[in-house]
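Please read the following briefing alongside the sequence and the structure. It begins with a question and then goes through the chain topic by topic.

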Amino acid sequence: MNDDATFVGIGRPPTNRRQVGVKLLWIGIWLAFMSAPVKDLLDGNHTPWATALGVLGLVVFVGTYLVLVFRHTSKALDRRRVGTTIAFLGALAVALSLTLGTPWLVLFVYVSVTVGATLPLRTAGWLIPAVTAVLVGIGLTGDHPREIITALVFPALLGGFAMTGVRQMIRTTIELREARATVAQLAANEERLRLARDLHDLLGHSLSLITLKSELAGRMLPDHPDQAALQVADIEQVSRQALVDVRSAVTGYRRPTLPGELAGARTALAAAGITADVPTDAPDDLPEKPEEVLAWALREAVTNVVRHSGARRCTVTLAPRQTLGGRILELTVADDGRGGSGTKPGNGLTGITERLATVDGTMITRPTNSASGKGFTLTLSVPLGSGLGSGE
(Lines give C-alpha, C1' and ligand atoms only; values in the text may rest on other atoms or scores of the structure.)
Protein backbone atom coordinates (compact mmCIF):
# COMPACT_ATOMS: atom_id res chain seq x y z
CA MET A 1 0.00 0.00 0.00
CA ASN A 2 1.24 3.45 -0.84
CA ASP A 3 2.28 5.66 2.08
CA ASP A 4 0.00 8.37 0.68
CA ALA A 5 -2.86 6.41 2.21
CA THR A 6 -1.65 7.36 5.69
CA PHE A 7 0.19 10.63 5.12
CA VAL A 8 -1.91 13.74 5.69
CA GLY A 9 -0.41 16.92 4.24
CA ILE A 10 -0.53 20.23 6.08
CA GLY A 11 -3.79 22.01 5.39
CA ARG A 12 -5.18 19.06 3.44
CA PRO A 13 -8.32 17.36 4.79
CA PRO A 14 -8.16 13.57 5.26
CA THR A 15 -9.67 11.61 2.39
CA ASN A 16 -10.09 8.14 3.92
CA ARG A 17 -10.58 6.42 7.26
CA ARG A 18 -6.90 5.73 7.76
CA GLN A 19 -6.00 9.40 7.33
CA VAL A 20 -8.83 10.36 9.70
CA GLY A 21 -7.35 7.97 12.24
CA VAL A 22 -3.87 9.44 11.82
CA LYS A 23 -5.16 12.99 12.29
CA LEU A 24 -7.17 11.99 15.34
CA LEU A 25 -4.09 10.28 16.76
CA TRP A 26 -2.00 13.44 16.43
CA ILE A 27 -4.74 15.54 18.00
CA GLY A 28 -5.63 12.99 20.67
CA ILE A 29 -2.06 12.37 21.80
CA TRP A 30 -2.21 15.62 23.74
CA LEU A 31 -5.05 14.16 25.81
CA ALA A 32 -2.35 12.50 27.89
CA PHE A 33 -2.58 15.54 30.19
CA MET A 34 -6.10 14.39 31.04
CA SER A 35 -4.53 11.77 33.30
CA ALA A 36 -5.00 14.05 36.32
CA PRO A 37 -8.83 14.24 36.21
CA VAL A 38 -9.04 10.56 35.16
CA LYS A 39 -6.92 9.56 38.15
CA ASP A 40 -9.06 11.75 40.38
CA LEU A 41 -12.16 9.85 39.27
CA LEU A 42 -10.52 6.44 39.65
CA ASP A 43 -9.21 7.19 43.14
CA GLY A 44 -12.78 7.40 44.46
CA ASN A 45 -12.38 10.78 46.07
CA HIS A 46 -15.99 11.74 45.31
CA THR A 47 -19.45 10.40 45.90
CA PRO A 48 -20.85 8.03 43.26
CA TRP A 49 -23.18 10.77 42.03
CA ALA A 50 -20.30 13.28 41.71
CA THR A 51 -18.12 10.65 40.03
CA ALA A 52 -20.83 9.88 37.46
CA LEU A 53 -21.30 13.55 36.68
CA GLY A 54 -17.50 13.96 36.44
CA VAL A 55 -17.24 11.09 33.93
CA LEU A 56 -20.08 12.56 31.86
CA GLY A 57 -18.58 16.04 31.97
CA LEU A 58 -15.13 14.77 30.97
CA VAL A 59 -16.53 12.77 28.02
CA VAL A 60 -18.52 15.77 26.78
CA PHE A 61 -15.52 18.07 27.21
CA VAL A 62 -13.11 15.78 25.34
CA GLY A 63 -15.59 15.10 22.54
CA THR A 64 -16.31 18.79 22.03
CA TYR A 65 -12.59 19.61 22.10
CA LEU A 66 -11.78 16.96 19.45
CA VAL A 67 -14.59 18.07 17.15
CA LEU A 68 -13.56 21.72 17.36
CA VAL A 69 -9.85 21.14 16.75
CA PHE A 70 -10.44 18.47 14.09
CA ARG A 71 -12.98 20.40 12.02
CA HIS A 72 -12.14 24.07 12.48
CA THR A 73 -8.32 24.37 12.57
CA SER A 74 -8.03 24.63 8.79
CA LYS A 75 -11.55 25.35 7.54
CA ALA A 76 -13.17 28.73 7.21
CA LEU A 77 -15.13 28.82 10.43
CA ASP A 78 -18.56 29.92 11.58
CA ARG A 79 -17.43 32.35 14.28
CA ARG A 80 -20.72 32.36 16.13
CA ARG A 81 -20.90 28.57 16.34
CA VAL A 82 -17.24 28.21 17.28
CA GLY A 83 -17.45 31.03 19.82
CA THR A 84 -20.53 29.48 21.43
CA THR A 85 -18.82 26.08 21.62
CA ILE A 86 -15.66 27.56 23.18
CA ALA A 87 -17.83 29.40 25.72
CA PHE A 88 -19.48 26.06 26.53
CA LEU A 89 -16.05 24.43 27.02
CA GLY A 90 -14.99 27.27 29.28
CA ALA A 91 -18.17 27.04 31.37
CA LEU A 92 -17.76 23.28 31.66
CA ALA A 93 -14.14 23.70 32.78
CA VAL A 94 -15.21 26.23 35.41
CA ALA A 95 -18.00 24.01 36.71
CA LEU A 96 -15.87 20.86 36.90
CA SER A 97 -12.93 22.68 38.50
CA LEU A 98 -15.07 24.33 41.17
CA THR A 99 -16.96 21.09 41.86
CA LEU A 100 -14.28 18.41 41.70
CA GLY A 101 -11.10 20.20 42.70
CA THR A 102 -7.49 20.85 41.68
CA PRO A 103 -6.91 18.01 39.12
CA TRP A 104 -9.61 19.52 36.88
CA LEU A 105 -7.85 22.85 36.44
CA VAL A 106 -5.96 21.25 33.54
CA LEU A 107 -9.12 21.61 31.44
CA PHE A 108 -8.32 25.30 31.03
CA VAL A 109 -5.17 24.34 29.14
CA TYR A 110 -7.35 22.60 26.54
CA VAL A 111 -9.70 25.59 26.38
CA SER A 112 -6.67 27.79 25.66
CA VAL A 113 -5.42 25.39 22.97
CA THR A 114 -8.87 25.33 21.36
CA VAL A 115 -8.95 29.14 21.28
CA GLY A 116 -5.56 29.25 19.53
CA ALA A 117 -6.51 26.50 17.07
CA THR A 118 -9.85 27.87 15.93
CA LEU A 119 -10.06 31.65 16.37
CA PRO A 120 -8.34 34.44 14.42
CA LEU A 121 -5.06 35.72 15.81
CA ARG A 122 -6.49 39.06 16.95
CA THR A 123 -9.22 37.39 18.99
CA ALA A 124 -6.98 34.62 20.32
CA GLY A 125 -4.38 37.21 21.34
CA TRP A 126 -6.53 38.49 24.21
CA LEU A 127 -8.73 35.46 24.87
CA ILE A 128 -5.84 33.08 25.67
CA PRO A 129 -4.55 35.32 28.51
CA ALA A 130 -8.16 35.72 29.64
CA VAL A 131 -8.62 31.93 29.89
CA THR A 132 -5.33 31.69 31.78
CA ALA A 133 -6.46 34.45 34.14
CA VAL A 134 -9.66 32.49 34.89
CA LEU A 135 -7.50 29.45 35.62
CA VAL A 136 -5.38 31.44 38.07
CA GLY A 137 -8.43 33.12 39.61
CA ILE A 138 -10.20 29.82 40.33
CA GLY A 139 -6.96 28.34 41.63
CA LEU A 140 -6.35 31.20 44.04
CA THR A 141 -9.90 31.36 45.36
CA GLY A 142 -9.97 27.71 46.32
CA ASP A 143 -7.78 25.51 48.45
CA HIS A 144 -5.43 24.56 45.60
CA PRO A 145 -1.64 24.03 45.83
CA ARG A 146 0.08 27.12 44.40
CA GLU A 147 2.76 25.06 42.61
CA ILE A 148 0.10 23.25 40.54
CA ILE A 149 -1.47 26.55 39.49
CA THR A 150 1.95 27.92 38.51
CA ALA A 151 2.73 24.73 36.57
CA LEU A 152 -0.49 25.07 34.54
CA VAL A 153 -0.09 28.75 33.61
CA PHE A 154 2.85 28.16 31.28
CA PRO A 155 1.23 25.27 29.29
CA ALA A 156 -1.98 27.29 28.96
CA LEU A 157 -0.19 30.31 27.49
CA LEU A 158 2.36 28.35 25.45
CA GLY A 159 -0.15 25.82 24.12
CA GLY A 160 -2.63 28.50 23.12
CA PHE A 161 -0.17 30.77 21.33
CA ALA A 162 1.63 27.81 19.73
CA MET A 163 -1.67 26.70 18.20
CA THR A 164 -2.23 30.19 16.78
CA GLY A 165 1.04 29.69 14.87
CA VAL A 166 -0.02 26.24 13.71
CA ARG A 167 -3.38 27.59 12.56
CA GLN A 168 -1.73 30.45 10.66
CA MET A 169 0.64 27.99 8.96
CA ILE A 170 -2.24 25.73 7.94
CA ARG A 171 -4.30 28.64 6.62
CA THR A 172 -1.29 29.97 4.69
CA THR A 173 -0.67 26.53 3.18
CA ILE A 174 -4.30 26.30 2.07
CA GLU A 175 -4.15 29.76 0.52
CA LEU A 176 -0.93 28.91 -1.30
CA ARG A 177 -2.46 25.70 -2.65
CA GLU A 178 -5.53 27.61 -3.83
CA ALA A 179 -3.31 30.29 -5.39
CA ARG A 180 -1.30 27.59 -7.18
CA ALA A 181 -4.49 26.11 -8.58
CA THR A 182 -5.61 29.57 -9.71
CA VAL A 183 -2.28 30.23 -11.41
CA ALA A 184 -2.49 26.88 -13.18
CA GLN A 185 -6.00 27.71 -14.38
CA LEU A 186 -4.90 31.14 -15.58
CA ALA A 187 -1.95 29.57 -17.39
CA ALA A 188 -4.29 27.10 -19.10
CA ASN A 189 -6.61 29.93 -20.12
CA GLU A 190 -3.69 31.94 -21.47
CA GLU A 191 -2.53 28.90 -23.44
CA ARG A 192 -5.99 28.56 -24.99
CA LEU A 193 -5.97 32.22 -25.96
CA ARG A 194 -2.51 31.87 -27.47
CA LEU A 195 -3.64 28.83 -29.45
CA ALA A 196 -6.67 30.76 -30.68
CA ARG A 197 -4.50 33.72 -31.75
CA ASP A 198 -1.99 31.48 -33.51
CA LEU A 199 -4.67 29.55 -35.38
CA HIS A 200 -6.30 32.82 -36.40
CA ASP A 201 -2.98 34.12 -37.70
CA LEU A 202 -2.26 30.84 -39.48
CA LEU A 203 -5.66 30.24 -41.03
CA GLY A 204 -7.28 33.68 -41.28
CA HIS A 205 -5.39 34.81 -44.38
CA SER A 206 -5.39 31.36 -46.01
CA LEU A 207 -9.12 30.80 -45.59
CA SER A 208 -9.92 34.32 -46.82
CA LEU A 209 -7.77 33.72 -49.90
CA ILE A 210 -9.42 30.35 -50.52
CA THR A 211 -12.86 31.97 -50.28
CA LEU A 212 -11.98 34.76 -52.75
CA LYS A 213 -10.39 32.40 -55.26
CA SER A 214 -13.31 29.99 -55.01
CA GLU A 215 -15.74 32.82 -55.84
CA LEU A 216 -13.51 33.97 -58.68
CA ALA A 217 -13.22 30.44 -60.09
CA GLY A 218 -16.99 30.07 -59.93
CA ARG A 219 -17.48 33.24 -62.01
CA MET A 220 -14.80 32.22 -64.54
CA LEU A 221 -15.94 28.64 -64.95
CA PRO A 222 -18.69 29.16 -67.60
CA ASP A 223 -16.71 31.43 -69.96
CA HIS A 224 -13.04 30.92 -69.03
CA PRO A 225 -12.56 27.33 -67.81
CA ASP A 226 -8.76 27.50 -68.26
CA GLN A 227 -8.43 30.50 -65.98
CA ALA A 228 -10.84 28.88 -63.50
CA ALA A 229 -8.59 25.80 -63.45
CA LEU A 230 -5.61 28.02 -62.52
CA GLN A 231 -7.60 29.49 -59.64
CA VAL A 232 -8.53 25.98 -58.46
CA ALA A 233 -4.82 25.02 -58.58
CA ASP A 234 -4.01 28.06 -56.44
CA ILE A 235 -6.72 27.03 -53.98
CA GLU A 236 -5.18 23.56 -53.73
CA GLN A 237 -1.71 25.02 -53.09
CA VAL A 238 -2.97 27.43 -50.43
CA SER A 239 -4.97 24.65 -48.74
CA ARG A 240 -1.96 22.32 -48.63
CA GLN A 241 0.23 25.05 -47.14
CA ALA A 242 -2.42 25.85 -44.53
CA LEU A 243 -2.59 22.17 -43.59
CA VAL A 244 1.21 22.05 -43.21
CA ASP A 245 1.15 25.16 -41.01
CA VAL A 246 -1.59 23.76 -38.77
CA ARG A 247 0.20 20.43 -38.37
CA SER A 248 3.41 22.22 -37.52
CA ALA A 249 1.67 24.39 -34.93
CA VAL A 250 -0.10 21.44 -33.31
CA THR A 251 3.17 19.48 -33.18
CA GLY A 252 4.81 22.41 -31.45
CA TYR A 253 2.02 22.56 -28.85
CA ARG A 254 2.15 18.85 -28.18
CA ARG A 255 5.94 18.62 -27.90
CA PRO A 256 6.96 18.71 -24.23
CA THR A 257 9.79 21.01 -23.17
CA LEU A 258 12.14 20.74 -20.23
CA PRO A 259 11.15 24.08 -18.62
CA GLY A 260 7.48 23.10 -18.81
CA GLU A 261 8.10 19.62 -17.39
CA LEU A 262 10.30 21.00 -14.58
CA ALA A 263 7.46 23.32 -13.57
CA GLY A 264 5.00 20.44 -13.80
CA ALA A 265 7.28 18.26 -11.67
CA ARG A 266 7.39 20.87 -8.90
CA THR A 267 3.60 21.17 -8.91
CA ALA A 268 2.97 17.39 -8.97
CA LEU A 269 5.44 16.66 -6.16
CA ALA A 270 4.13 19.49 -3.99
CA ALA A 271 0.54 18.35 -4.53
CA ALA A 272 1.53 14.84 -3.40
CA GLY A 273 3.11 16.19 -0.20
CA ILE A 274 6.64 15.35 -1.35
CA THR A 275 9.43 17.82 -0.62
CA ALA A 276 10.78 18.75 -4.04
CA ASP A 277 14.22 20.04 -5.01
CA VAL A 278 13.75 20.82 -8.70
CA PRO A 279 15.73 23.33 -10.81
CA THR A 280 13.81 26.26 -12.19
CA ASP A 281 15.67 26.57 -15.51
CA ALA A 282 16.98 24.28 -18.23
CA PRO A 283 20.07 24.84 -20.41
CA ASP A 284 19.49 27.03 -23.44
CA ASP A 285 19.75 26.06 -27.12
CA LEU A 286 19.00 22.38 -26.59
CA PRO A 287 18.50 20.27 -29.71
CA GLU A 288 14.81 19.61 -30.19
CA LYS A 289 14.82 15.82 -30.17
CA PRO A 290 17.06 15.26 -27.08
CA GLU A 291 15.07 17.86 -25.15
CA GLU A 292 11.80 16.16 -26.07
CA VAL A 293 13.13 12.75 -24.98
CA LEU A 294 14.34 14.08 -21.62
CA ALA A 295 11.08 15.97 -21.08
CA TRP A 296 9.01 12.82 -21.61
CA ALA A 297 11.39 10.86 -19.34
CA LEU A 298 11.15 13.48 -16.59
CA ARG A 299 7.37 13.37 -16.73
CA GLU A 300 7.35 9.57 -16.47
CA ALA A 301 9.93 9.51 -13.66
CA VAL A 302 8.07 12.05 -11.54
CA THR A 303 4.79 10.21 -12.12
CA ASN A 304 6.42 7.03 -10.79
CA VAL A 305 7.70 8.89 -7.72
CA VAL A 306 4.25 10.31 -6.96
CA ARG A 307 2.28 7.11 -7.56
CA HIS A 308 4.53 4.27 -6.47
CA SER A 309 7.56 5.32 -4.42
CA GLY A 310 6.05 6.36 -1.08
CA ALA A 311 8.82 8.97 -0.95
CA ARG A 312 8.97 12.02 1.28
CA ARG A 313 11.65 13.81 -0.74
CA CYS A 314 12.60 13.93 -4.43
CA THR A 315 15.59 15.68 -6.00
CA VAL A 316 15.91 16.48 -9.70
CA THR A 317 19.21 17.63 -11.20
CA LEU A 318 19.90 18.68 -14.77
CA ALA A 319 23.49 19.35 -15.85
CA PRO A 320 25.45 19.45 -19.14
CA ARG A 321 28.72 17.55 -19.05
CA GLN A 322 31.72 17.16 -21.31
CA THR A 323 32.80 13.57 -22.02
CA LEU A 324 35.30 11.97 -24.35
CA GLY A 325 32.45 11.23 -26.73
CA GLY A 326 31.21 14.83 -26.74
CA ARG A 327 28.81 16.95 -24.75
CA ILE A 328 25.91 15.27 -22.97
CA LEU A 329 22.99 16.47 -20.86
CA GLU A 330 22.45 14.41 -17.72
CA LEU A 331 19.10 14.23 -15.93
CA THR A 332 18.87 12.62 -12.47
CA VAL A 333 15.70 11.93 -10.49
CA ALA A 334 16.35 10.59 -6.97
CA ASP A 335 13.82 9.80 -4.23
CA ASP A 336 13.98 8.38 -0.70
CA GLY A 337 11.08 5.96 -1.12
CA ARG A 338 10.84 2.22 -0.82
CA GLY A 339 13.08 1.57 -3.83
CA GLY A 340 12.66 -0.57 -6.92
CA SER A 341 10.48 -3.69 -6.82
CA GLY A 342 11.89 -6.72 -8.56
CA THR A 343 14.38 -6.88 -11.40
CA LYS A 344 12.03 -6.53 -14.37
CA PRO A 345 11.55 -2.91 -15.47
CA GLY A 346 7.99 -1.65 -15.71
CA ASN A 347 6.28 -0.15 -18.72
CA GLY A 348 7.40 3.34 -17.74
CA LEU A 349 11.10 2.50 -17.70
CA THR A 350 10.71 0.46 -20.88
CA GLY A 351 9.15 3.45 -22.62
CA ILE A 352 11.97 5.72 -21.41
CA THR A 353 14.56 3.24 -22.71
CA GLU A 354 12.89 3.10 -26.12
CA ARG A 355 12.80 6.91 -26.40
CA LEU A 356 16.44 7.19 -25.33
CA ALA A 357 17.42 4.71 -28.04
CA THR A 358 16.18 7.13 -30.70
CA VAL A 359 18.81 9.70 -29.66
CA ASP A 360 21.57 7.26 -28.57
CA GLY A 361 20.94 8.07 -24.92
CA THR A 362 21.65 5.91 -21.86
CA MET A 363 19.81 5.10 -18.61
CA ILE A 364 21.23 3.98 -15.26
CA THR A 365 19.11 2.95 -12.23
CA ARG A 366 20.30 2.32 -8.68
CA PRO A 367 19.15 2.61 -5.05
CA THR A 368 19.50 6.12 -3.67
CA ASN A 369 20.94 4.69 -0.45
CA SER A 370 23.26 1.88 -1.45
CA ALA A 371 23.69 0.67 2.14
CA SER A 372 20.00 0.15 2.92
CA GLY A 373 18.79 -0.35 -0.63
CA LYS A 374 16.12 2.29 -0.08
CA GLY A 375 15.17 4.95 -2.57
CA PHE A 376 15.40 4.94 -6.34
CA THR A 377 17.70 7.02 -8.53
CA LEU A 378 17.25 7.29 -12.29
CA THR A 379 20.06 8.86 -14.33
CA LEU A 380 19.53 9.63 -18.03
CA SER A 381 22.11 10.97 -20.48
CA VAL A 382 21.57 12.23 -24.03
CA PRO A 383 24.24 13.50 -26.44
CA LEU A 384 24.02 17.16 -27.42
CA GLY A 385 26.60 17.36 -30.17
CA SER A 386 29.48 19.77 -30.49
CA GLY A 387 28.80 23.29 -29.24
CA LEU A 388 25.15 22.65 -28.34
CA GLY A 389 23.38 22.77 -25.05
CA SER A 390 26.12 24.53 -23.20
CA GLY A 391 23.67 26.72 -21.35
CA GLU A 392 26.40 29.32 -21.04
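Which residue in β5 does Glu330 stand opposite? Glu330 stands opposite Ser381 in β5. This is a predicted model, in which local features need pLDDT of at least 70 and side-chain atom pairs count only at pLDDT 80 or more, while totals for chains, interfaces and linings use all residues. Residues are numbered from 1 along each chain as its sequence is written, and side-chain values use heavy atoms, with hydrogens and water left out.

**The chain overall**

- The chain has 11 helices and 5 strands, where helices (H or I, at least four residues) and strands (E, at least two) are DSSP runs numbered from the N terminus.
- Of the 392 residues of the chain, 36% count as buried, a word that here means under 20% relative accessible area, with exposed meaning over 50% and partly exposed lying in between (1.4 Å probe, protein chains only).
- Among the contacts (heavy atoms within 4.5 Å) with a separation of 6 or more, 69% are between residues 24 or more positions apart.

**The sheet and the helices across it**

- The strands form an open sheet of 5 with the order β1-β2-β3-β5-β4 and mixed pairing, two strands being paired if DSSP finds at least two bridges between them.
- The edge strands, each pairing on one side only, are β1 (275-277) and β4 (362-366), and the twist averages 15° from one strand to the next.
- β2 and β3 pair in the antiparallel sense over 10 bridges and form a hairpin with 2 residues between them; in β3, the bridge partner of Arg321 is Ile328.
- Strand β3 (residues 326-335) also pairs in the antiparallel sense with strand β5 (residues 376-383), over 8 bridges, and Thr332 has Thr379 as its bridge partner in β5.
- β3 is mostly covered, since 9 of its 10 residues are buried.
- Helix α9 (residues 258-271) lies across β1, β2 (313-323) and β3, running at about 160° to β2, whereas helix α10 (residues 288-309) lies across β2, β3 and β5, running at about 10° to β3; axes are lines fitted to C-alpha atoms, for helices over the stretch in contact, and angles run from 0 to 180 degrees between N-to-C directions.

- Helix α5 (residues 107-118) has 12 of its 12 residues buried, so it is largely enclosed by the rest of the structure; the buried residues include Phe108, Tyr110 and Val111.
- At 1.5 Å a residue, the 12 residues of α5 should span 16 Å, and its end C-alpha atoms are 17 Å apart, which agrees; the expected span is 1.5 Å times one less than the number of residues.
- Gly90, which lies in helix α4 (residues 79-100), is buried with a relative accessible area of 17%.
- Leaving aside neighbours within four places in sequence, Gly90 is in contact with Phe108 and Val111.

**The aromatic pair**

- Tyr65 and Tyr110 form an edge-to-face aromatic pair, at 5.3 Å centre to centre and 85° between the planes; rings of Phe, Tyr and Trp (its six-membered ring) pair if their centres lie within 6.5 Å, and planes under 30 degrees apart count as stacked, over 60 as edge-to-face and the rest as tilted.
- Tyr65 lies in helix α3 (residues 48-72) and Tyr110 in helix α5, so the pair ties together parts that are 45 residues apart in sequence.
- Tyr65 is buried, with a relative accessible area of 3%, and Tyr110 counts as buried at 3% relative accessibility.
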